[in-house]
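Hi there,

Here is the structure I promised to pass on to you. Have a look at it first, and then read my notes below.

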Amino acid sequence: MYDLIVPLSGDPGVGNAIASLFGSRVVKVYTKDHPDGELYLRLGESVKGEDILIVQSMYPSQDRKFIETLLAIDAAKRGGASEIDVLITYLAYARQDKVFLEGEPVSVNTILKSIIYAGANRIYVVEPHSDIPLNTFRENLVAIDGVTPLARRFVGEKDLVVFSPDIGGIDRAARLSRALGVEFHYIDKKRDRFTGEVSSTLREDIDLSGRTAVIVDDIISTGGTIAKAIELLIRRGSSKIYVACVHGIFVKGSVERILGAGAHRIVCGKTTSHMVDHVEYIDLHEHIAEEISRTKR
Ligand code: R5P
């Protein structure tokens, strides 16, 4: 599949795991900080003529991981690699995918453009926040579904209903519900762009008495979105709440906030090396390897 796999510092172990599945060699990368704080990077072996996959996750230290990715691509390009693909298990800046307020950038475009300009042929992104960059970077970007593999943690549970905490995540709820063979709905979430305040509402005819709700989102950061959704679903009668997400950013206090709101379980994909207590992590490498094998040019 790939001759060489190059795991960078943010990789949560996916690079080594898929190298074993593909039978690829793993390239060691040497990095150090210069005294002024700049990053130095060197690939540990020749990549000349090789088909390579660079693996990175951009959390924590998003900006640093971004720069490291660009430097690794440049080093591989200068080293004569024949094909340079990049797997990003968590893509930072993905939520700023349009101009919401005048004067803002489209941050995700800046990140992806830079990676392509540095020399990447293909970028695989696990569960991108939205389809917007997929349309913009059609030629270079491939999305890997990170939601369907989460379903295995809920198989066998009775009377489940899946919820998206906002309309933007409806496709995620649809994928999880399809994998579980249950119904899904979405919560109407509105965030004030200036104050950040979130308000949530749910269709009046949805009655959850005695049922278990699974709320699925791409990212959990402060836990505010999920906590609001939990409060709403409990008011509608749900007796048990499970939470699932692909990317667990989990800023300080977020897990307590979610559990405090009434969640019984939090299930999360292992897409970053940031792991916290009370969360059940799921390895995604087999699924990622299958998806890359299926879609590789
Ligand atoms: C937003 O559209 C995302 O899909 C997540 O719902 C959001 O990033 C979660 O953030 P927080 O946990 O801070 O509410």
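**What I found**

Let's start with a loop: Ser 61 sits between S5 and H2. Helices (H or I, at least four residues) and strands (E, at least two) are DSSP runs, numbered from the N terminus. Before going on, please note that this is a predicted model, in which local features need pLDDT of at least 70 and side-chain atom pairs count only at pLDDT 80 or more, while totals for chains, interfaces and linings use all residues. Residues are numbered from 1 along each chain as its sequence is written, and side-chain values use heavy atoms, with hydrogens and water left out.

Back to the loop. Ser 61 has a positive phi, near 55°, and is not a glycine. Pro 60 is also placed in the loop between strand S5 (51–56) and H2, and a cis peptide bond with omega of about -5° joins Tyr 59 to Pro 60. For background, most residues other than glycine have a negative phi, and most peptide bonds are trans.

In helix H2 (residues 62–78), Arg 78 and Asp 74 are 4 residues apart, so about one helical turn separates them. Their side chains form a salt bridge, with N and O 2.6 Å apart. The term stands for a side-chain nitrogen of Lys or Arg within 4 Å of a carboxyl oxygen of Asp or Glu. The structure has 20 salt bridges.

Now for the domains. How is the chain divided? There is domain 1 (4–144) and domain 2 (148–282), with bounds from an automatic or database domain assignment. Their centres, taken over C-alpha atoms, are 28 Å apart. In contact (heavy atoms within 4.5 Å) are 16 residues of domain 1 and 16 residues of domain 2. The two domains bury about 1400 Å² between them, 60% of it on carbon and sulfur atoms; buried area is the accessible area (1.4 Å probe) that two parts lose on being put together, summed over both. On the domain 1 side, Tyr 59, Tyr 90 and Glu 127 lose the most area to domain 2, together 42% of what that side buries.

Between domain 1 and domain 2 there are 2 salt bridges. Glu 127 also forms a salt bridge with Arg 172, where the closest N and O atoms are 2.8 Å apart.

Finally, the whole structure contains 3 aromatic pairs, meaning rings of Phe, Tyr and Trp (its six-membered ring) with centres within 6.5 Å; planes under 30 degrees apart count as stacked, over 60 as edge-to-face and the rest as tilted. The rings of Tyr 2 and Phe 22 have centres 6.4 Å apart and planes at 40°, so this pair is tilted.

Best wishes
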